[in-house]
Amino acid sequence: MDSSSPFRSSRIAPVVAMAAAVALTLAGCSSDSGGKKSEESADGASAGKASTPQMTVALVTHQSPGDTFWDIVRKGAEAAAAKDNVKLVYSADPNAGNQATLIQNAIDQKVDGIAVTLAKPDALKDVIAKAKTAKIPVVGLNSGVSEWKNLGLMEFFGQDETVAGEALGNRLNSEGAKKAVCVIQEQGNIGLTQRCAGVKKTFSGTTETLYVNGTDMPSVKSTITAKLSQDKAIDYIVTLGAPFALTAVQSKADAGSKAKIATFDLNKDLTSAIDKGTIAFAVDQQPYLQGYLAIDSLWLYKNNGNYMGGGEQPVLTGPAFVDKTNVDAVASFAAKGTR
Amino acid sequence: MSMTHHAEPAVTTPPAPGRKESDGRTKQRPLALRLLARPEVGVFLGAVAVYVFFLIAAPPVRDGSSMANILYQSSTIGIMALPVALLMIGGEFDLSAGVAVITSALTASMLSYQLTMNVWVGVVVALLVSLGIGFLNGWMVVRTGLPSFLITLGTFLILQGVNLAVTKLITTNVATDDISDMDGFGQAKKIFASSFDVGGVQVKITIVYWLVFAAIATWVLLRTRYGNWIFAVGGNKESARAVGVPVTFTKISLFMLVGFGAWFVGMHQLFTFNTVQSGEGVGQELIYISAAVIGGCLLTGGAGSAIGPVFGAFMFGMVQQGIVYAGWNPDWFKAFLGVMLLGAVLINLWVQRTATRR
């Protein structure tokens, strides 16, 4: 940084930036490969629009900001809302107390239905009882498969995380794995812990848990690298989210490890990694379906009195395996960011 | 192995007293004690202690490639800890530094992708955006006289929200699109995210940048007028201004330096991982600040060094990965990290106290 006339340049920074961008484009700086131009125009699922009177539904989740998974849930909910002539009010907070306040907020707005995730069921018990008193139907999605009935929810859409973990454990057995490391990106998250516990339950080899700092990718990368070089016997890396699986690919190369990679949850980069064979398989709980069904079910209940699962059984959206054999069928949807 | 190499620049000779004969009022203290009184020596010893500890506790650490991995982790913290430390010596700090890294990466990625331009266009614009954020932080702090805690807490929240909202608005997803097949990517990857071979060990290029930046920062701090200005504005702003130090320029440029660091680390992340998740980066600012504080920079400003934070960042990387290399029960991960860091800081403090006491 020069000491002479230091700030003038940054005051006009935006102007310079624009000028530079324009100049560079003119100078033929556009990319010949990739980029927006190569992206096909893709629309979301659409099936016309219901002629029923508009209703309002609140979707309150424990999403933390900027997570690819929750983005897909929300897109599913939005698609159902658009089709059913539903006004969707979305709100989220990872803190259970704040999530309860958001549900109370929805009750105060006198919405026609509420869809909630039960990551911390105890904290939401009271406010869900209030919704029942206010005669607002409540459905659950994503987390809380063992709690939704106790809390008096009408129906539930999601995956039993333990069951999903068990399914992955079985799959590891059939792949002939001996030692797996289960990478948890958020310490203390019950759903993630249940997945690893499920894997441990059915996997006949040994399982170890590894915690990484999910908000700092370079540290995720080096921590997995460290684990792989510490324990050369590891032949399977199990991650609990698509971005972490993709990072594990690099760790594997850095550590010179031959371990294979399996993961929970999909995104569009992950489907192409499965296609290329850098990632073996993924357990998909179909988050789009969770969001979609939660909203659609409230519409069905209001307009036709239906409830899925008969109010007794949860509606399971996973675990579905995506691997090289069926990735093609999923890839085009994942590219739109909806699977 | 490479540790000992970095150790050397730490021992910069303390300014010569320039006194011929002691007249009895001031006793010449032994060299060892004078060395220990320097802010970076305590953390250097702490880092050595942690290093030796894991060398014994975790056999894989002795391997060259493990050390390269630990240094890589340290470098991604260390490159940001350097400008953060200089800013702290200058009496301010920046809570937006963690998310600013992601802002920069998102800007470069989305601009190139959406306009289908050579990725270098995105890289250059991201630099301007990052410097602009730094300028804005500094300008507001200087103009309002409010504590930088408040100002940068504001920008931290703004950036966190903007990262998410703008990414979603533009890409309709919360992560950016893969730009690895675009023109210029390979080149940029070579510069920001390549690795090279040293005796069969793959070494990440960020380690080189980290050490080079540290050397430059040390030189600037100890040998240039600008370095004096930094100490002066951090020590006492008013008296610095009275003796003709351009306080406004110094403070704003320091914030912009943090912006530069954020850009650099952001580019590294983008070209390593091809895509960026908009929710990342939160919490990293505290790690940068911790590395600087452990490295001997006072929270109140006016004291510190550029080489101290290098060891501070190394300790972070060493402890974080050392626990994994040692194969300890991961449930205790954070607790281990906390105990080790507190221990290191206490050693640091004890060394300083012992050294400055006669």
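Start at helix α10 of chain B and show what surrounds it: its buried residues pack against α4 (64-89), α9 (205-223), α11 (237-242) and α12 (247-273) of chain B. Contact here means heavy atoms within 4.5 Å. Helices (H or I, at least four residues) and strands (E, at least two) are DSSP runs, numbered from the N terminus. This is a predicted model, in which local features need pLDDT of at least 70 and side-chain atom pairs count only at pLDDT 80 or more, while totals for chains, interfaces and linings use all residues. Residues are numbered from 1 along each chain as its sequence is written, chains are lettered from A and ligands numbered from 1 in the order in which they are written, and side-chain values use heavy atoms, with hydrogens and water left out.

**Chain B: helix α10**

Select residues 225-235 of chain B. The buried residues of this helix are B:Tyr226, B:Gly227, B:Trp229, B:Ile230, B:Val233 and B:Gly234. Buried means under 20% relative accessible area, exposed over 50%, and partly exposed in between (1.4 Å probe, protein chains only). Look down the axis of α10(B): the buried residues fall within an arc of 155°, so they line one face of the helix. The arc is that of the directions from the helix axis to the C-beta atoms. An α-helix has 3.6 residues a turn, so residues three or four places apart point the same way. On the other side of α10(B), select B:Arg225 and B:Gly235, which are exposed.

**Chain B: other stops**

Next, select B:Gly186, which sits in helix α8 (residues 185-193) of chain B. B:Gly186 has 45% relative accessibility and therefore counts as partly exposed. For a contrast in accessibility, go to B:Cys297, which counts as buried because its relative accessibility is 2%.

Now colour the spans that UniProt lists under "transmembrane region" in an unreviewed entry: residues 35-58, 70-88, 119-142, 149-170, 201-222, 243-266, 286-303 and 332-351 of chain B. UniProt positions are given in the numbering used here, feature names are shortened, and annotations may be inferred rather than shown by experiment. Select residues 119-142 of chain B, a span that is 100% helix and 0% strand, with its end C-alpha atoms 35 Å apart. Residues 149-170 of chain B are likewise 100% helix and 0% strand, and their end C-alpha atoms lie 31 Å apart.

**Chain A: the sheet**

Move to chain A, which has 13 helices and 12 strands. Of its 339 residues, 52% are buried. Among contacts in chain A with a separation of 6 or more, 74% are between residues 24 or more positions apart.

Show the open sheet of 6 strands, ordered β7-β6-β8-β9-β10-β12 in chain A, with mixed pairing. From one strand to the next, the twist averages 20°. Two strands pair if DSSP finds at least two bridges between them. Select β9 (residues 260-264) and β10 (residues 281-284) of chain A: they run parallel and are joined by 3 bridges. A:Thr263 has A:Ala282 in β10(A) as its bridge partner.

**Chain A: the disulfide**

How many disulfides does a search of the whole structure find over all chains? The search finds 1. Select A:Cys182 and A:Cys196, whose sulfur atoms are 1.9 Å apart (a disulfide is a pair of cysteine sulfur atoms within 2.5 Å). The pair links distant parts of the chain, 14 residues apart: A:Cys182 is in strand β6 (residues 179-184) and A:Cys196 in helix α8 (residues 190-202) of chain A. Both A:Cys182 and A:Cys196 are buried. The torsion about their S-S bond is about -85°, so the disulfide is left-handed.

Select A:Gly318, in the loop between β11 (315-316) and β12 of chain A. A:Gly318 has a relative accessible area of 12% and is buried. Leaving aside neighbours within four places in sequence, A:Gly318 is in contact with A:Gly158, A:Gln159, A:Asp284 and A:Gln285.

End at helix α13 (residues 327-335) of chain A, where A:Val327, A:Val330 and A:Ala334 are buried. Seen down the axis of α13(A), these buried residues fall within an arc of 70°, so they line one face of the helix. Their cover includes α11 (268-276) and β12 of chain A. A:Asp328 and A:Ala329, on the other side of α13(A), are exposed. Just after α13(A), select A:Gly337, which takes a positive phi of about 80°.

Technical notes. Axes are lines fitted to C-alpha atoms, for helices over the stretch in contact, and angles run from 0 to 180 degrees between N-to-C directions.
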